[in-house]
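Welcome! Please take a moment to turn the model around on your screen before reading on.

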Amino acid sequence: MVFARSGDVDFIQRVIHSKLSGFVHSTFKRTLNIQCIEDGELYTIACNEIDNGPNTLIVDLACFEEMNINAYDEVYSDNNIISIGNKMSITIDRAKSWESILPTYPTNTDVLKKNIKIMKQYIEIHGKSGGIKSKSVNESPFEQEMSKMIQERKGLLIDELVNKQLHHAVPHAVSFLGLGPGLTPSGDDFLVGLFTCFHLKNSPFANYQWFFEEIERAAKTATNEISYIAIKKASVGKIRESIIVLVNALLEENEEQLILSLIKVLNIGSSSGTDIALGILTGLEINIKIGGTL
């Protein structure tokens, strides 16, 4: 029996109050994705070094490599236990509930502006290139073209958002979906970071849910299922824990904590963490430029 340490409150409640049934969608060294038959969503079982996140359950294991779990293995739940074929049983009895709660956008942005500068400088030196962050050297012709495309689309999106033309911004945001390298493409990761800042309480964008729904609807067919679920959750302000910790650090006057939380985000995936962090920076800068409400 494997014990769950913590989990998304909605995921835990689903297992407690209704049966979860489906199959293994995909397997990795430290995560398993489950396709639920009832709602079609992906749910993630993650090892103990992964942070909490939407639709995610953290279990007391270091990795899944020796479990011999394969795609399409049956998954079902009963009596607070999730079973994956006859290969693994997970009890949620000891699991602590976790909920994605974003902080409030500040009325005074002096500390935020200072921290944005620090974060920019750190990403410039330590961020992983090849996605939203261009390579400075040794770019192939394909990478050069991709980098040019990303920067052009980013500029068009920012211009429309700063000018408060949300209807015009939608197609530019949609053009990021599925764009770039990675299991979760760089354009998708960038949008997750952007959506994070726009869902802060008192953000100028907080009351424009239709904008996020338009992009989420397009993402259904524009990117892969793993990336889509991240976009879907971010479109309603549900973000993984390490990203929330970073945003909180950006609002506080503690440079050491800011750098530590930034390092954790930058370590997500290959370039995913850097792409998310650059989305956060862009979103915060747009919030500052707009000020007040739309």
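## Before you start

The structure you are looking at is a predicted model. Keep that in mind as you follow each stop of the tour.

## Two pairs of packed helices

Let us begin with helices. Two packed helices are described by the angle between their axes and the distance between the axes. Helix 9, which covers residues 255-266, packs against helix 10, residues 272-290, at an angle of about 125°. The axes of these two helices are 7 Å apart. Because of that angle, helix 9 counts as oblique to helix 10. On the side of helix 9, the contact is formed by Leu-262, Val-265 and Leu-266, and helix 10 brings Gly-273, Thr-274, Ile-276 and Ala-277.

Now find helix 6 and helix 7 (residues 225-234), whose axes cross at roughly 175° and come within 9 Å. This makes helix 6 roughly antiparallel to helix 7, because angles over 145 degrees fall into that class. Which residues make the contact between helix 6 and helix 7? Glu-216, Ala-219 and Lys-220 come from helix 6, while Tyr-228, Ile-231 and Lys-232 come from helix 7. In this contact there are three nonpolar residues, no polar ones and three charged ones.

## Aromatic rings that pair up

How many aromatic pairs does a search of the whole structure find? The search finds eight of them. A pair of aromatic rings is described by the distance of the centres and the angle of the planes. For Phe-176 and Phe-190, the ring centres are 5.1 Å apart and the planes lie at 20°, so this pair is stacked. Phe-176 sits in the loop between helix 4 (166-174) and helix 5 (186-198), and Phe-190 sits in helix 5, so the pair ties together parts that are 14 residues apart in sequence.

Another pair is made by Phe-198 and Phe-212, with ring centres 6.5 Å apart and planes at 55°, so it is tilted. Phe-198 belongs to helix 5 and Phe-212 to helix 6 (residues 209-222), so this pair ties together parts that are 14 residues apart in sequence. Phe-198 is buried, at a relative accessible area of 0%, and Phe-212 is buried too, at 1%. Both residues are part of a cluster in which ring pairs link Phe-195, Phe-198, Phe-205, Trp-210, Phe-211 and Phe-212.

## A charge over a ring

The charged end of Arg-94 sits over the ring of Phe-3, at 3.9 Å from the ring's centre.

## The loop between helix 5 and helix 6

Two residues to look for here are Asn-202 and Ser-203, both found in the loop between helix 5 and helix 6. Asn-202 is exposed, with a relative accessible area of 54%, whereas Ser-203 counts as buried at 4% relative accessibility. Asn-202 has a phi near 75°, a positive value in a residue other than glycine.

What does Ser-203 touch, leaving aside its neighbours within four places in sequence? Its contacts are Tyr-105, Cys-197, Phe-198 and Asn-287.

Asn-55 is not a glycine, yet its phi is positive, at about 55°. Look for Asn-55 in the loop between strand 4 (42-46) and strand 5 (56-59). At 5% relative accessibility, Asn-55 counts as buried.

Next, Lys-96 lies in strand 9, residues 96-98. With 63% relative accessibility, Lys-96 counts as exposed. Not counting residues up to four places away in sequence, Lys-96 touches Arg-5, Ser-6, Gly-7 and Ile-12. Lys-96 and Lys-120 are 24 residues apart along the chain, and their C-alpha atoms are separated by 35 Å.

Finally, Asn-138 has its place in the loop between helix 2 (110-126) and helix 3 (141-162). Asn-138 is exposed, with a relative accessible area of 71%. From C-alpha to C-alpha, Asn-138 and Leu-57 are 40 Å apart in space, and 81 residues separate their positions in sequence.

How values were computed
Residues are numbered from 1 along each chain as its sequence is written. This is a predicted model: local features need pLDDT of at least 70, side-chain atom pairs count only at pLDDT 80 or more; totals for chains, interfaces and linings use all residues. Side-chain values use heavy atoms; hydrogens and water are left out. Axes are lines fitted to C-alpha atoms, for helices over the stretch in contact, and angles run from 0 to 180 degrees between N-to-C directions. Helices (H or I, at least four residues) and strands (E, at least two) are DSSP runs, numbered from the N terminus. Angles under 35 degrees count as roughly parallel, over 145 as roughly antiparallel, 65 to 115 as roughly perpendicular and the rest as oblique. Contact means heavy atoms within 4.5 Å. Rings of Phe, Tyr and Trp (its six-membered ring) pair if their centres lie within 6.5 Å; planes under 30 degrees apart count as stacked, over 60 as edge-to-face and the rest as tilted. Buried means under 20% relative accessible area, exposed over 50%, partly exposed in between (1.4 Å probe, protein chains only). A charge sits over a ring if NZ of Lys or CZ of Arg is within 6 Å of the ring centre and within 35 degrees of the ring normal. Ala, Val, Leu, Ile, Met, Phe, Trp, Tyr, Cys and Pro count as nonpolar, Asp, Glu, Lys and Arg as charged, and the others, Gly among them, as polar.
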